[in-house]
Amino acid sequence: MIVTENQQTTYEEKDRFSEEIDIPHVPAEQKSASHKSLIQITQEKEINQLEEEIKSLEKLLKQRKELLNKHFEKKHNVDKSPKTVEDYKEECEDIQRKIELTTKLAGISIQELTHNPLKSGDIVQYNLKGQCMDISFKVEFECLETNEDDNSLKITNLDIYVPENIQDELQKCLISMSEDRSIWSFFQLIVPYSRWHRQRIKTFQHFVEKYPDSVKVEEESFIPYLIIKNNTLTQGPVFCISWKFEVDQVYRAKSRLALLMKIPDYIQQQDKDQTLQRSTERFEDTVEELGIEHAIETIIKLASLCKNTGISTL
């Protein structure tokens, strides 16, 4: 390569400039340390920034919580001031009114409730006495103590006591409830049964008072039957109305009325239209279509139409 005179002069000047200025030499290790220090400073800044953001979020969360608490207190009328004796008295009266309303609607009133821990410590025995309309009852059950957060009731033993006349009528389902330890099924059954039981007593008593010469109530195994007979006949038909209760597998009670008859032979021979024979089926249909009282009135009228020589036409 051909170097001109001017280029040569430029190179010589550059060499002299390099000799006059001493550029320091930086070792590689020192360069690495400086780089690490820069990274550390950057990380610290990021951490400080994150901490500030967390503090800001915590402050916002606290404000939101205070706002929700104020909204809840305003909506539910929460009063943080200490309660007085009058406040507790008003609360007790309010609870008493609610209990009376529940008793009126459901018909169940709890008269006594006691509990005693058994020797095992984990099981508590409860004794509950109450009344559903006209029927008194007593329930004894043992419960396994569970965690307070667990609202389930784990019954380990159940005994149900009712009056003897009710016991005979509901014996099978009461035994089944005790075996299943299903206390709620008892309350589910006793309410509708008590209503039907009361209605049966009032209805039978109504016809006894209205027709004292031809209607009376007799009991068999504590179960009442309405007996209808025309007492003007020496040997007349006897009508017996039973009012029983059927309980299904889920302990729902349903009333069922049935008509039984005892008819002398001479009346059966005179009953050419089979009016008496068909009265059993007709009675159940009448109960469904027109009601219990109308069906019973029909049987009383049928009994009054019977004659010593047979039966007249309805």
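This is a predicted model: local features need pLDDT of at least 70, side-chain atom pairs count only at pLDDT 80 or more; totals for chains, interfaces and linings use all residues.
Residues are numbered from 1 along each chain as its sequence is written, and side-chain values use heavy atoms, leaving out hydrogens and water.

Stay on glutamate 169, which lies in helix 4 (residues 164–169). Helices here are DSSP runs of H or I with at least four residues, strands are runs of E with at least two, and both are numbered from the N terminus. Glutamate 169 counts as buried because its relative accessibility is 17% (buried is under 20%, exposed over 50%, partly exposed in between, using a 1.4 Å probe and protein chains only). Show what it touches, not counting residues up to four places away in sequence: Tyr193, Arg200, Ile223, Trp243, Lys244 and Phe245. Contact means heavy atoms within 4.5 Å.

Four strands form an open, antiparallel sheet in the order 1-2-3-4; two strands pair if DSSP finds at least two bridges between them. Strand 1 (108–117) and strand 4 (155–161) are the edges, each with a single partner strand, so one side of each has no neighbour in the sheet. Nine bridges join strand 1 to strand 2, and asparagine 116 stands opposite glutamine 125 in strand 2. Between strand 2 (residues 123–132) and strand 3 (residues 135–144) you'll find 10 bridges; valine 124 has cysteine 143 as its partner in strand 3. Zoom in on the hairpin of these two strands, which has two residues between the strands: methionine 133 takes a positive phi near 60° there.

Now bring up helix 6 (residues 183–210), which lies across strands 1, 2, 3 and 4 and runs at about 175° to strand 3. Axes are lines fitted to C-alpha atoms, for helices over the stretch in contact, with angles from 0 to 180 degrees between N-to-C directions.

Pick Trp196, Gln199, Thr203, Phe207 and Lys210 on helix 6, then Ile292, Glu293, Ile296, Glu297 and Ile300 on helix 9, to see the contact.
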